[in-house]
Amino acid sequence: MLVIRLQRTGRKGYAMYRFVVQDSRRTPTSGRVVAYLGSYDPHAKTTILKKDQAEFYLNHGAQPSARIISLFKAEKVKIPSWVEESKLQNRKVKNPEKRRSTAAKTDSSEPVNDTAEKIASEPVVQESVEAENIQVQE
């Protein structure tokens, strides 16, 4: 069975992907590819795709991966009715109190921590010590 999947290219830390048609028993890195359909740059969100070839392989039974389905839909490629889309999963957040998005909103005029206020309100001890040293030396 043929599958349409993404093959990672690019340097470390800067991934680029190719749309490839492969035998499902091969890994994307094996090098044995039936056809190259285009490329995808996730950083610039640009897609280069041979739409006619993609539709040809889809109509002849090539199974697309979940990510390929979403990218093909964005490029307006006709997806056959037998292709099942993965549904979004609703997951629980482990520690919602630690997340910034769920934290209580604070007023920007108030200081974030009150240690700065404590330091500002305390008298400066060093000046009084210098004054004592002057009196002792006289």
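Me: What do I need to know about the numbers before we start?
Reply: Residues count from 1 along each chain as its sequence is written, and side-chain values use heavy atoms, without hydrogens or water. The model is predicted, so local features need pLDDT of at least 70, side-chain atom pairs count only at pLDDT 80 or more, and totals for chains, interfaces and linings use all residues.

Me: Which way do S1 and S2 pair?
Reply: Antiparallel, over eight bridges. S1 is residues 2-9 and S2 is residues 16-23. Strands are DSSP runs of E, at least two residues, numbered from the N terminus. Two strands pair if DSSP finds at least two bridges between them.

Me: What sits between S1 and S2?
Reply: Six residues, and the two strands form a hairpin. Glycine 10 in the turn has a positive phi of about 95°.

Me: What stands opposite arginine 18?
Reply: Glutamine 7.

Me: How many bridges join S2 to S3?
Reply: Five, and these strands run antiparallel. In S3, alanine 35 is the bridge partner of valine 21.

Me: New topic. How many salt bridges are there?
Reply: One in the whole structure. Arginine 25 meets aspartate 23 at 2.9 Å, N to O. The term needs a side-chain nitrogen of Lys or Arg within 4 Å of a carboxyl oxygen of Asp or Glu.

Me: Is arginine 25 buried or exposed?
Reply: Exposed, at 73% relative accessibility. Exposed means over 50% relative accessible area, buried under 20%, partly exposed in between (1.4 Å probe, protein chains only).

Me: And tyrosine 57, buried or exposed?
Reply: Buried, at 16%. Phenylalanine 56 is partly exposed, at 43%.

Note on methods
Helix = DSSP H or I, 4+ residues; strand = E, 2+ residues; numbered from the N terminus.
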